[in-house]
Amino acid sequence: SILLSLLKSTCPENEIIDEMKSALFRIERIIKSTLLFSKGLQLKLKEFRVSELEKELKESIKYYSHSKETEFLFFLPDIKIKADFDLLLLVLQNMLINAIDAIEEDDIEEGIIEILYENSENYHILNIYDNGKDFENKEILFEPFKSTKTKGNGLGLALSLEIINAHNGKIEIATKKKGFKIYLPK
């Protein structure tokens, strides 16, 4: 990744380098997901601000290629939570990538992806919505190695569910908009 960034600085107009960076990002995520899924999870809980996730997610967007004009709306305030930052980021990256893919696979011309924090009495809630292609089969969404996506391997949502369960939280399919609600206990 560092070498590709150096190469990009000498050849800024080269689209092949962008595609290579995107492919490398996908490969790294698949390897990380497979290792986490097979080894099991060990949470490293620490206190951090929800807003810190936004910077990392915006960085992820740069590495994941998409062709449609997509607006990304974030509301991740400076509220402190206690969780495993890296694993929670992985969950949100999985959701973000699924949303981008859903927009890419739909007939719409422009996409909208929202990642919004919501506070409740017992939970920190992270909502992830998109206006892309609807879920084809909600029954297999969280089953490992089952996917209806052309780029999917079926690990992203299965691992996301495991991570949130390890936090004693839960993931639900949203009812008012297309997407997910992630509940992390306070």
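**Close-up views of salt bridges and strand pairing**

Glu114 is buried, its relative accessible area being 15%. This residue opens the series of views, which is drawn from a predicted model.

**Figure 1. The salt bridge between Lys177 and Glu114.** In this view the two side chains meet with an N to O distance of 2.9 Å. Lys177 belongs to the loop between β6 (170–173) and β7 (179–185), whereas Glu114 belongs to strand β4, so the contact ties together parts of the chain that lie 63 residues apart in sequence. The surroundings of the two partners may be compared against the cut-offs: Glu114, at 15%, counts as buried because its value falls under 20%. Lys177, with a relative accessible area of 39%, is partly exposed.

**Figure 2. The salt bridge between Lys133 and Glu105.** The closest N and O atoms of this pair are 3.8 Å apart. The two residues come from distant parts of the chain, 28 residues apart. Lys133 is located in the loop between β5 (123–130) and α5 (156–166), and Glu105 in the loop between α4 (85–104) and β4 (110–119). Lys133 has a relative accessible area of 28% and is partly exposed; Glu105, at 27%, is likewise classed as partly exposed.

**Figure 3. The salt bridge between Lys170 and Glu172.** Here the side chains meet at 3.7 Å, taken from N to O. Lys170 is partly exposed, with 34% relative accessibility, and Glu172 is partly exposed, with 31%. The pairs shown in these views are among the eight salt bridges that the structure holds.

**Figure 4. The parallel pairing of strands β2 and β4.** Strand β2, which comprises residues 69–75, is joined to β4 by seven bridges in the parallel sense. Within this pairing, Glu71 has Ile112 of β4 as its bridge partner. Strand β4 also contains Glu114, the residue that contacts Lys177 in the view described above.

**Figure 5. The hairpin formed by strands β4 and β5.** The two strands run antiparallel and are joined by seven bridges. Three residues lie between them in the hairpin.

Conventions: Residues are numbered from 1 along each chain as its sequence is written. This is a predicted model: local features need pLDDT of at least 70, side-chain atom pairs count only at pLDDT 80 or more; totals for chains, interfaces and linings use all residues. Side-chain values use heavy atoms; hydrogens and water are left out. A salt bridge is a side-chain nitrogen of Lys or Arg within 4 Å of a carboxyl oxygen of Asp or Glu. Helices (H or I, at least four residues) and strands (E, at least two) are DSSP runs, numbered from the N terminus. Buried means under 20% relative accessible area, exposed over 50%, partly exposed in between (1.4 Å probe, protein chains only). Two strands pair if DSSP finds at least two bridges between them.
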